[in-house]
Amino acid sequence: MAFNSTVETLPQMGRFSLRCKRENTVAMSKALGFELPSSISETAQSGNRSVLKLGPDEWMLTCPMEERSAIERSFAAIYPDAVHSLTDISSREVSIRISGPEAEELLTTSCPRDLAALKSGRGMRTIFDSVQVILTREDNNQFRLDVWRSFVPHVMGLLTVAVAEFECGL
């Protein structure tokens, strides 16, 4: 059986944890340059910036590293009128992309969620083996795992073993 999926570590990206009250989301959207998603697990994107709503008052923003300062300045400018918490978590996590026709099945080796129910453009916190991750379905056969840096060797080890099992037809 040919294995036609890939597992790759993505280049470092800027990441922010954004927390704010519902009444401040319009101001946050203006500062960001596009509308924040309103439903939990929904994503929104404009250019190289994307946002995933993780909870009732929590979003994760990703962007190219060189855009971090501009985002921080935009949000700092509105702080007096729209109180929020914007925390740079860029160095905390690493992104792993799993893509190809076996991507979903490969992830199910260590993720208990029903991935078939996760639609493209949606994401969530979940676990991979015993590790908390943020899992986003970027496309039908493409996923991104955002993993705390210290757990990357463990997660990559599990994925490497699962790939080897798939390649052997197990």
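Here is a short tour of the protein chain, from its overall build to its helix H1.

## The model

This is a predicted model, where local features need pLDDT of at least 70, side-chain atom pairs count only at pLDDT 80 or more, and totals for chains, interfaces and linings use all residues. Residues are numbered from 1 along each chain as its sequence is written, and side-chain values use heavy atoms, with hydrogens and water left out.

## Overall build

The protein chain has four helices and ten strands (DSSP runs numbered from the N terminus: helices are H or I, at least four residues; strands are E, at least two). Starting at the N terminus, the order is β-β-α-β-β-β-α-β-β-α-β-β-β-α.

How big is the box that the C-alpha atoms fill? Taken along the principal axes, roughly 60 × 30 × 30 Å. As for burial, 46% of the 170 residues count as buried (under 20% relative accessible area, with exposed meaning over 50% and partly exposed in between, using a 1.4 Å probe and protein chains only).

## A look at helix H1

Helix H1 covers residues 25-32, and its buried residues are Thr25, Met28, Ser29, Ala31 and Leu32. These sit on the same side of H1, because their arc around the axis is only 160° (judged by the directions from the helix axis to the C-beta atoms). Val26 and Lys30, on the other side of H1, are exposed.

What do the buried residues of H1 pack against? Their partners are strands E2 (14-20), E4 (49-55), E5 (58-63) and E6 (84-88), along with helix H2 (68-78); contact here means heavy atoms within 4.5 Å. Just after H1 comes Gly33, with a positive phi of about 105°.
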